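Dear colleague,

I am handing over the structure below, and after it I set out what was found. Please read the notes alongside the coordinates.

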Amino acid sequence: MFNRVLACLSVFGVLHSVIHGESDSSDHTHEHAFLGEYATNVLNMKPDELEDMLYWLVEQRIDHNNDMKINIDELKHWMQHIYHHDLENDIMHAFFECNKKKDHDITFKEYRACLARKPDTPTPSQKSEDRLVARWRLADQDGDNRLSLSEFGAFYAPDEAHNQHMHGLLVDEYIDDRDTDGDFHLTFEEYTSQSVDKRDLNSGDDWELSLNERFAKIDEDKDGKLSHPEIEHHLFPSLFDHDPADDEAIHIMDETDDDKDGKISHYEMMKHLRVFVGSQVLQQGKLLLRSRDEL
């Protein structure tokens with residue numbers, strides 16, 4: 001259940017991936033990203049039922065100007081809804097899974113016991129445990145040694161834009177994992193000492209930049225080192241008019257808008273069905289791709 005958030009946080013060396021023992025197979029562009037809460041409905045659908053469902057989804061939930069096409073603004077709005085809806089559900093599930101008393105908050109002891117009940121949970125290192133405790137304390141804004149649902153949300157998804165009070169700690173962890181000379185700055189060599197994670201990049205052209213160009217872009221004052229504010233600015237573009245859900249919308253538009261008119265038609269959606277429902281669904285016998293020549 002924790003996979004979605006763990007993948008988003010992997011670049012920071014987040015402790016959950018160690019303590020929860022989850023795989024890193026999830027991605028921001030994970031399958032069913034477009035379908036969101038409707039993903040479970042498609043598993044046993046026949047091809048014509050799937051097409052009808054997608055048609056309904058566009059007509060009723062996504063297409064605001066009633067032209068039966070999806071423009072980039074409509075797509076961004078939908079992906080933002082999917083992203084935040086899924087994340088809120090994950091947070092609530094994790095909170096109440098660990099909150100056996102079913103009251104309004106949980107202690108760190110209850111949370112650790114919840115993790116211990118998970119099968120194949122590895123023993124965390126002392127460094128990982130210390131970081132987990134530090135995050136818990138920072139999320140506990142009223143200092144009562146317990147986390148309410150909203151505080152637990154900050155602990156669970158500290159990289160979200162509205163959890164800005166958690167970001168400094170994440171940047172501290174990011175630097176600590178790479179800073180070999182202890183000056184709390186990152187040289188180019190330190191920055192590239194670990195493999196660059198997807199979450200370590202902004203969207204679009206950044207993927208095409210070389211490591212040198214990427215470093216130079218982050219190094220805003222051009223002093224040859226990356227400071228804490230520069231890294232925070234780079235790792236949290238949501239604070240600077242950027243929403244990670246927009247990246248998924250742009251990716252979907254780029255992949256499916258064949259005639260480059262800035263809109264996704266029903267024909268384009270059905271032609272690129274894998275982008276919208278995921279290849280795993282289409283590999284099932286009931287959902288083999290039909291020839292688009294029949295459309």
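Tryptophan 78 has a relative accessible area of 2% and is therefore buried (under 20% relative accessible area, with a 1.4 Å probe and protein chains only). This is a predicted model, in which local features need pLDDT of at least 70 and side-chain atom pairs count only at pLDDT 80 or more, while totals for chains, interfaces and linings use all residues. Residues are numbered from 1 along each chain as its sequence is written, and side-chain values use heavy atoms, with hydrogens and water left out.

Tryptophan 78 lies in helix α4, helices being DSSP runs of H or I with at least four residues, numbered from the N terminus. Leaving aside neighbours within four places in sequence, tryptophan 78 is in contact with Phe34, Leu35, Tyr38, Leu57, Arg61 and Ile62, where contact means heavy atoms within 4.5 Å. The C-alpha atoms of tryptophan 78 and leucine 35 are separated by 9.6 Å, although the two are 43 residues apart along the chain.

Isoleucine 252, in helix α12 (residues 244-256), is likewise buried, at 0% relative accessibility. With neighbours within four places in sequence again left out, its contacts are Phe34, Leu75, Met79, Ile264, Val275 and Phe276.

Helix α4 (residues 72-98) also packs against helix α7 (residues 149-156), at an angle of about 110° and with the axes 10 Å apart; axes are lines fitted to C-alpha atoms over the stretch in contact, and angles run from 0 to 180 degrees between N-to-C directions. The two helices are therefore roughly perpendicular (65 to 115 degrees).

Best regards

Note on methods
Angles under 35 degrees count as roughly parallel, over 145 as roughly antiparallel, 65 to 115 as roughly perpendicular and the rest as oblique. Buried means under 20% relative accessible area, exposed over 50%, partly exposed in between (1.4 Å probe, protein chains only).
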